[in-house]
Amino acid sequence: MAAAEKSRDENNREDWEEERVIALRMERQHLTKPAGLEEYNVLYRDLSPGLNVYWHGFGEPPCLVYRAGFDDLEYNRERQRNRELVKGRFQKGNIGFIQEKDMELFAGLYRKPWKPDDTQELILALIDREGPLNIGLIKEMTGLLVKQITPALHKLQESFVLFEDQFDGEWDREWYRFEEMFPDVDVQHFTRKEALKMVLPRFLFRYVGASAKNFRDFYGIPERELKAAAEELTAGGQFVQKDGIYYLAADFELLQKQERTPFRKILVLHRNDCLVRCEEHHLKQEYKREGMDILQYLLIDGKIRGAVLGHFKYGPYIMEDVCVRLPENEAEARKKEILEAIYEINGREEPIRRYMGLPI
């Protein structure tokens with residue numbers, strides 16, 4: 001075979017392989033067919049820690065936009081109220097919600113060593129004496145400022161010493177000794193590597209083909225640790241690695257043999273969506289625009305290929321421009337479809353001002 005023909009064949013093979021990965025990813029994410037209740041519970045577990053909708057989700061439960069065949073915001077509100085979903089500080093100290101029964105696993109992943117200081121010791125002694133307290137009462141009883149109390153509480157939370165009981169959308173939450181809320185949880189049950197070897201297969205089932213950078217972006221754990229765990233799973237035959245991309249061994253075989261219907265749809269993803277979080281290592285820079293916020297990303301045919309730019313505010317966002325990474329003729333041909341998808345999620349109260357830099 002001539003070199004040019006061989007190159008074309010390899011490119012075509014890469015194209016269909018990527019298309020099959022995307023199609024299977026969309027299926028596993030339930031973006032092809034929304035999940036029923038039982039499917040959703042497993043999906044939520046696999047994509048944990050769950051986050052609320054970026055910007056407009058303050059105080060709200062987490063949800064998996066587009067993925068549920070029912071109102072998962074209300075479903076998770078009820079799970080939160082019943083303490084089936086519980087709050088913690090996980091990826092890089094950020095707030096997330098996990099299933100209560102997975103607490104030991106996520107303690108293994110994210111628990112930071114406790115390094116007490118005078119403020120933390122004072123707060124702990126007060127809670128030991130008085131019982132659960134909110135920030136207002138801690139301030140009143142200690143004379144500390146909120147700006148002193150809050151970071152101390154967050155450090156105690158990241159060390160799984162204290163637990164913040166957010167069971168509803170109210171802001172006045174009480175802080176408990178962790179063992180009071182979870183007397184049967186051993187936060188040292190799993191090592192970091194043991195926990196990683198449990199969650200990475202779950203994640204890979206949903207993402208299908210992922211690099212160590214995708215793992216890092218999603219979990220907020222150093223890449224070297226993620227790669228070491230992935231290599232052990234590869235050596236054990238559970239993963240296959242090709243060109244820096246990891247697959248479940250069963251999926252790698254499936255992708256070679258089974259054709260899938262290509263995913264052809266435009267979805268507007270908020271910045272906390274798991275598909276966005278997996279690609280943060282390049283998305284922020286790729287769509288950065290001076291003087292504008294990245295409001296949302298555009299999932300076009302299963303890949304993030306655009307962004308809505310403008311300004312956040314309470315109520316409808318100010319949508320200044322829509323940036324699309326498609327060939328110019330395709331971007332123009334799909335303009336109406338793209339704008340309609342954006343309006344469907346944002347409403348029409350605020351008009352989109354530009355498309356690809358040109359006034360609409």
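The reply below starts with the sheet and then turns to single residues.

Reply: Happy to! A word on the ground rules: this is a predicted model, so local features need pLDDT of at least 70 and side-chain atom pairs count only at pLDDT 80 or more, while totals for chains, interfaces and linings use all residues. Residues are numbered from 1 along each chain as its sequence is written, and side-chain values use heavy atoms, leaving out hydrogens and water.

The sheet is open and has 4 strands in the order E7-E8-E9-E10, with antiparallel pairing. Strand E7 (266–269) and strand E10 (318–324) stand at the edges; each has a single partner strand, so one side of each has no neighbour in the sheet. On average, neighbouring strands here are turned by 25° against each other, direction ignored. Strands are DSSP runs of E with at least two residues, helices are runs of H or I with at least four, and both are numbered from the N terminus. Two strands pair if DSSP finds at least two bridges between them.

Strand E9 (residues 303–311) is joined to E10 by 6 bridges, and the two run antiparallel. Val308 stands opposite Val322 in E10.

What lies across these strands? Helix H16 (residues 335–346) does, spanning E7, strand E8 (293–300), E9 and E10, and running at about 140° to E10. Contact means heavy atoms within 4.5 Å. Axes are lines fitted to C-alpha atoms, for helices over the stretch in contact, and angles run from 0 to 180 degrees between N-to-C directions.

Glu158 sits in helix H7 (residues 146–158) and counts as buried, at 13% relative accessibility. Buried means under 20% relative accessible area, exposed over 50%, and partly exposed in between (1.4 Å probe, protein chains only). Not counting residues up to four places away in sequence, Glu158 touches Arg89, Gly93, Tyr110, Arg111 and Lys112.

Lys92, in the loop between strand E1 (85–89) and strand E2 (95–99), has a positive phi of about 55° although it is not a glycine. Asp243, in the loop between strand E5 (239–242) and strand E6 (245–248), is also not a glycine, yet its phi is positive, near 55°. Lys92 is exposed at 62% relative accessibility, and Asp243 is exposed at 70%.
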